[in-house]
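User: Hey, I've got a structure to go through. Can you walk me through it once it's up?

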There are 2 protein chains.
Amino acid sequence: MKQAKVRLYVDHPLGQGQTVSLDRDQAHYLFGVMRLGVGDVVALFNGREGEFPARVIEAGKRKGVLECLEQSRPLHMPPDLWLCFAPIKKARTDFIVEKAAEMGAALIQPMSTEFTNSERIRRDRLQAHAIEAAEQCGGTYVPEVVDLMRMDKLLDAWPDDRQIMFCDEALVGAAETLTAASGHRWAIFIGPEGGFSDRERARLHAMDNAHPVSLGPRILRADTAAVAAMTMWQQVLGDWG
Amino acid sequence: MKQAKVRLYVDHPLGQGQTVSLDRDQAHYLFGVMRLGVGDVVALFNGREGEFPARVIEAGKRKGVLECLEQSRPLHMPPDLWLCFAPIKKARTDFIVEKAAEMGAALIQPMSTEFTNSERIRRDRLQAHAIEAAEQCGGTYVPEVVDLMRMDKLLDAWPDDRQIMFCDEALVGAAETLTAASGHRWAIFIGPEGGFSDRERARLHAMDNAHPVSLGPRILRADTAAVAAMTMWQQVLGDWG
């Protein structure tokens, strides 16, 4: 069987023998951009049922139909990790979402904090970035991007059984060591440029399930901090072990 | 004393009482963009002598003079870590250089590999990115960006006492655990899109001082891999401990 060179996320049930109709953008991408045609094989995943190679059986300018072959990979769910971050400039926010999908977060929560400059996000555009990153990195799961929420509201309703790895710029040295003892439901909190406010830091430090960590002696940009924090978490508590 | 809001790298000796003349671009940045004037204080560093607050004593459109006050921070040298990476698309190459400065690499070595698409870099532009990142992250050191080199030539002259943390996409599971036992001179090797070739992988695996590591079950883009690898290294062997 030919190895699929293209991976495509589809919001459609998948299974051996299942046919899948493409939408206009997908047909344009496969047949216009990637120059595929009838008989070519593409890898499909839908975030729920793993990955299936699928053969093109109809290829049109604006539509197309594929038929799934035997499952090539089972669904690999990421660990139960939320990435909560304060949106920054557009390109760097896009970057954080891309990295969250690659690094294996389950949910992406934009949050506004006292020092957040950007109070608006395009949730649909960020979700599209997460999908593209999942297609690229070989993931079979796409993290959900949820609506922007104020950090104080988020903490008001914070679940008792979800731990917070809190990346505290002001912290040098006295960081906690992460361990699995606190459970397997986690969230990483990344502040905006300028960090969390004193009030926000105090509130997080007072929470039993918040664990302050240090990301070294230099001040990292939020996008760098997100990748570094996810690396630390995945090594100890996630699926990199 | 007023806290300096602006940090500026200058290629000039620094010391208490030392006057520093600005070049045209620096004068434009401080007085045109940042709207500073005589009496304002800027933090200067030169990568060799730590950080000094400096007061503006002359401010012109195309020139300016500052006088250093008492040293505010000593030089903090990063660990002896080289980041060796295969250049990718322009924006992502810029990003890798920025991240190397933030994460604390000492030297940035672009290298061309069998699967490298981009065979040319603008060394001066990348060096400027490293400077800007050092200004931003509070570092007192700027990693040197050296000229692009072929990976095979680089390995032909590889120093015996420098270990290689080799990020092997094809590796799942059997990764080595990094320890300080191998010494404190290291390099991280990040491949291009498509990874290292079989020949390159075989050569690295055959080297006594190359240590293969895995960056998790998803395929990371080169820019993500660079940050993740530097995080792993800094936690165990660098200055994050």
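This is a predicted model: local features need pLDDT of at least 70, side-chain atom pairs count only at pLDDT 80 or more; totals for chains, interfaces and linings use all residues.

User: Ok. Which residue does Arg92(A) form a salt bridge with?

Analyst: Glu98(B). The closest N and O atoms of that pair are 2.8 Å apart. The pair crosses between chains, going from helix α2 (residues 90-103) of chain A, where Arg92(A) sits, to helix α2 (residues 90-103) of chain B, where Glu98(B) sits.

User: And are Arg92(A) and Glu98(B) buried or exposed?

Analyst: Buried, both Arg92(A) and Glu98(B).

User: Give me one inside chain B. What does Arg162(B) form a salt bridge with?

Analyst: With Asp80(B), and the closest N and O atoms are 3.1 Å apart. Arg162(B) is in the loop between α4 (151-156) and β10 of chain B, and Asp80(B) is in the loop between β5 (64-68) and β6 (81-85), so this pair ties together parts that are 82 residues apart in sequence.

User: Why does Arg162(B) count as buried?

Analyst: Because its relative accessible area is 3%, and buried means under 20%. Asp80(B) has 25%, so Asp80(B) is partly exposed.

User: What about Asp156(B), which residue does that one form a salt bridge with?

Analyst: Arg203(B), with the closest N and O atoms 2.8 Å apart. That pair links distant parts of the chain as well: Asp156(B) belongs to helix α4 of chain B and Arg203(B) to helix α5 (residues 198-206), 47 residues apart. Asp156(B) counts as exposed because its relative accessibility is 55%. Arg203(B) is at 31%, so Arg203(B) is partly exposed.

User: Which residues do salt bridges that share partners join into one network?

Analyst: Arg92(A), Arg221(A) and Asp223(A) from chain A, together with Glu98(B), Lys99(B) and Glu102(B) from chain B.

User: Switching topic, to the symmetry. What rotation superposes chain B on chain A?

Analyst: 180 degrees, with 0.0 Å of shift along the axis and an RMSD of 0.0 Å. That's why the two chains have the relation of a two-fold axis. The same surface serves both copies, as 100% of the contact residues of chain B recur in chain A.

User: Which residue of chain B comes closest to the rotation axis?

Analyst: Ala228(B), whose C-alpha is at 3.0 Å from the axis.

User: Now the hydrophobic side. How many residues has the largest nonpolar core?

Analyst: 76 residues. Those with the most contacts inside that core are Ile188(A), Ile190(A), Leu83(B), Ile188(B) and Ile190(B).

User: What is Ile188(B) in contact with, leaving aside its neighbours within four places in sequence?

Analyst: Leu81(B), Trp82(B), Leu83(B) and Cys84(B) are in contact with Ile188(B), and so are Met165(B), Cys167(B), Ala229(B), Met230(B) and Trp233(B).

User: Let's look at a loop. Where is Asp168(B)?

Analyst: In the loop between β10 and β11 of chain B. Asp168(B) counts as buried because its relative accessibility is 3%. Not counting residues up to four places away in sequence, Asp168(B) touches Arg201(B), His205(B) and Val213(B).

User: And Glu169(B)?

Analyst: Glu169(B) is in the loop between β10 (163-167) and β11 (186-190) of chain B. At a relative accessible area of 39%, Glu169(B) is partly exposed. With residues up to four places away in sequence not counted, Glu169(B) touches Gly194(B), Gly195(B), Ile219(B) and Leu220(B). From Glu169(B) to Ser214(B) is 6.8 Å, C-alpha to C-alpha, though they're 45 residues apart in sequence.

User: Last bit, the surface. Which residues make the nonpolar surface patch of about 250 Å²?

Analyst: Tyr29(A), Val33(A) and Met34(A). Met34(A) sits in the loop between α1 (24-33) and β3 (41-45) of chain A, and Met34(A) is partly exposed at 35% relative accessibility.

User: What about the backbone there, what's phi of Arg35(A)?

Analyst: Near 60 degrees, a positive value in a residue other than glycine. Arg35(A) is in the loop between α1 and β3 of chain A, and is exposed at 70% relative accessible area. Over in chain B, Arg35(B) has a positive phi of about 60 degrees, and is exposed with a relative accessible area of 69%.

Notes:
Residues are numbered from 1 along each chain as its sequence is written. Chains are lettered from A and ligands numbered from 1 in the order in which they are written. Side-chain values use heavy atoms; hydrogens and water are left out. Patches are made of residues with over 30% relative accessible area and no salt bridge: like charges are joined within 9 Å, nonpolar side chains (Val, Leu, Ile, Met, Phe, Trp, Tyr) within 5 Å. Accessible areas come from the Shrake-Rupley method with a 1.4 Å probe; for residues, only the protein chains shown count as cover. A salt bridge is a side-chain nitrogen of Lys or Arg within 4 Å of a carboxyl oxygen of Asp or Glu. Helices (H or I, at least four residues) and strands (E, at least two) are DSSP runs, numbered from the N terminus. Buried means under 20% relative accessible area, exposed over 50%, partly exposed in between (1.4 Å probe, protein chains only). Contact means heavy atoms within 4.5 Å. A nonpolar core is a set of buried Ala, Val, Leu, Ile, Met, Phe, Trp, Tyr and Cys residues joined through side-chain atoms within 4.5 Å. Copies are superposed by least squares on the C-alpha atoms of residues with pLDDT of at least 70 in both.
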